[in-house]
Amino acid sequence: LQLPIYVINGFYGAMKESFESPSNVVHFMVLEWEAVKLSWKDMLFDVVGDRVPSVAKRSSIRGCAYHEWLSLEMHSQPNSKDNCVHISSSALEALHEKSLWMNHKNETVVLQSDPIGSQFLSAQISLHMLQKWLSNPLVNNMSVFDHMH
């Protein structure tokens with residue numbers, strides 16, 4: 001091996017390309033719920049369902065889509081790559097993804113005007129620290145986004 005070594009996530013590129021195809025439309029929504037009534041983990045697995053639709057709870061969005069794809073007039077049965085719906089793994093990741101997909105030019109304005117960003121900032125988390133977290137660094141061998149479940 002020769003250094004430096006660069007690792008590129010090929011799966012992300014292919015997935016993003018499929019979303020950006022001229023024949024596709026990406027819709028997004030911002031959800032708000034009471035965390036004392038529904039945890040983020042329960043939202044991920046019970047409401048949206050496992051990333052692999054074939055093992056998702058049948059009552060979840062992905063589980064229902066997997067079993068009912070024909071009656072829902074979907075082009076194909078959902079699978080681990082095209083699982084019919086994306087949910088951010090945490091509020092911090094949601095803020096990052098929203099910024100990416102909305103192509104915001106001024107990240108500072110987005111962070112101050114976004115409900116999630118403004119909550120972080122009002123909790124006395126500096127803009128510099130929030131921007132660092134949005135780069136998803138490793139902390140204790142785990143990404144910041146994964147710490148935020």
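**Exercise 1. Ground rules and confidence**

State what kind of model this is and how far to trust it.

Step 1. The model is predicted; local features need pLDDT of at least 70, side-chain atom pairs count only at pLDDT 80 or more, and totals for chains, interfaces and linings use all residues. Residues are numbered from 1 along each chain as its sequence is written, and side-chain values use heavy atoms, with hydrogens and water left out.

Step 2. The mean pLDDT of the chain is 83, and 86% of the residues score at least 70. pLDDT is the predictor's confidence in each residue, from 0 to 100.

Step 3. Among the elements, helix α1 (residues 10–19) has the lowest mean pLDDT, 66. Helix α3 has the highest, 96. Where pLDDT is low, the predicted coordinates should not be read in detail.

**Exercise 2. The overall layout**

List the elements of the chain, then describe its burial, surface and contacts.

Step 1. The chain has 8 helices and 2 strands. Their order from the N terminus is α-α-α-α-α-α-α-β-β-α.

Step 2. The chain has 149 residues, of which 22% count as buried.

Step 3. The accessible surface comes to about 11000 Å². Carbon and sulfur atoms hold 57% of that surface. Accessible areas come from the Shrake-Rupley method with a 1.4 Å probe; for residues, only the protein chains shown count as cover.

Step 4. Take contacts between residues at least 6 apart in sequence: 38% join residues at least 24 apart. Contact means heavy atoms within 4.5 Å.

**Exercise 3. Salt bridges**

How many salt bridges does the structure hold? Examine the pairs Lys 37 and Glu 34, Glu 68 and Arg 58, and Asp 114 and Lys 98.

Step 1. The structure holds 4 salt bridges. A salt bridge is a side-chain nitrogen of Lys or Arg within 4 Å of a carboxyl oxygen of Asp or Glu. Side chains of opposite charge can pair when their charged atoms come close.

Step 2. Lys 37 and Glu 34 meet at 3.7 Å, N to O. Lys 37 is exposed, at 67%. Glu 34 is partly exposed, at 48%.

Step 3. Glu 68 and Arg 58 meet at 3.5 Å, N to O. Glu 68 lies in helix α3 (residues 61–68) and Arg 58 in the loop between α2 (40–48) and α3, so the pair ties together parts 10 residues apart in sequence. Glu 68 is partly exposed at 31%, and Arg 58 is exposed at 51%.

Step 4. Asp 114 and Lys 98 meet at 2.4 Å, N to O. Asp 114 is in the loop between α5 (107–113) and α6 (115–122), and Lys 98 is in helix α4 (residues 91–101); the two are 16 residues apart. Both Asp 114 and Lys 98 are buried.

**Exercise 4. Polar contacts**

Which residue does the side chain of Ser 89 join in a polar contact? Then find what Asp 114 does at the start of α6.

Step 1. Ser 89 joins Glu 93, side chain to side chain, at 2.4 Å. A polar contact is a pair of N or O atoms within 3.5 Å; within protein, one must be able to donate a hydrogen and the other to accept it, and residues adjacent in sequence count only if both atoms are side-chain atoms.

Step 2. Ser 89 lies in the loop between α3 and α4. It counts as buried, at 4% relative accessibility.

Step 3. A side-chain oxygen of Asp 114 reaches to within 2.8 Å of the backbone nitrogen of Ile 116, at the start of α6.

Notes
Buried < 20%, exposed > 50% of the residue type's maximum accessible area, 1.4 Å probe, protein only. Helix = DSSP H or I, 4+ residues; strand = E, 2+ residues; numbered from the N terminus.
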